[in-house]
Amino acid sequence: MKVFVTHQKDGYGGQCIAAIFSAEALAQEWVIERHYARNAFYAGKPEQELRELANELIETHDVGTPNV
């Protein structure tokens with residue numbers, strides 16, 4: 001199982017985890033909304049390009065398979 005982690009700045013000049021997602025698409029949507037939606041530079045860019053840019057801000061971690 002994989003999780004997708006996004007970060008944000010903490011108050012001390014470093015970074016901390018902002019959110020953890022179970023699907024890459026959800027993480028991409030979060031990054032796009034949080035970082036790109038209100039920035040005029042990214043207005044009008046194709047969604048696929050925004051998703052590729054978002055992937056640069058997302059870490060993927062393998063956490064194994066849950067015991068069900």
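## Sheet, helix and salt bridges

Strand E1 (residues 2-9) pairs with E3 in the antiparallel sense, over five bridges. Two strands count as paired if DSSP finds at least two bridges between them, and both helices (H or I, at least four residues) and strands (E, at least two) are DSSP runs numbered from the N terminus. Before we go on, please keep in mind that this is a predicted model, in which local features need pLDDT of at least 70, side-chain atom pairs count only at pLDDT 80 or more, and totals for chains, interfaces and linings use all residues. Residues are numbered from 1 along each chain as its sequence is written, and side-chain values use heavy atoms, leaving out hydrogens and water.

The open sheet has three strands, in the order E2-E1-E3, with antiparallel pairing. Strands E2 (15-21) and E3 (58-62) are at the edges with a single partner strand each, so one side of each has no neighbour in the sheet.

Now to helix H2 (residues 47-55), whose buried residues are Leu-50, Arg-51 and Ala-54. They span an arc of only 100° around the axis, which puts them on the same side of H2; the arc is taken from the directions from the helix axis to the C-beta atoms. Buried here means under 20% relative accessible area, exposed means over 50%, and partly exposed is in between (1.4 Å probe, protein chains only). The cover over these buried residues includes helix H1 (24-36) and E3.

Apart from neighbours within four places in sequence, Arg-51 is in contact (heavy atoms within 4.5 Å) with Ala-25, Gln-28, Glu-29 and Ile-32.

The whole structure has four salt bridges, each defined as a side-chain nitrogen of Lys or Arg within 4 Å of a carboxyl oxygen of Asp or Glu.

| Pair | Closest N and O atoms |
|---|---|
| Glu-29 and Arg-51 | 3.5 Å |
| Arg-51 and Glu-47 | 2.9 Å |

Glu-29 in helix H1 and Arg-51 in helix H2 are 22 residues apart, and their pair links distant parts of the chain. Arg-51 and Glu-47, by contrast, both lie in H2, four residues apart, or about one turn of the helix. Together, Glu-29, Glu-47 and Arg-51 are linked in a network of salt bridges. Glu-29 is partly exposed, with a relative accessible area of 42%. In the remaining listed pair, Glu-49 is partly exposed at 32%, and Lys-45 is partly exposed at 25%.
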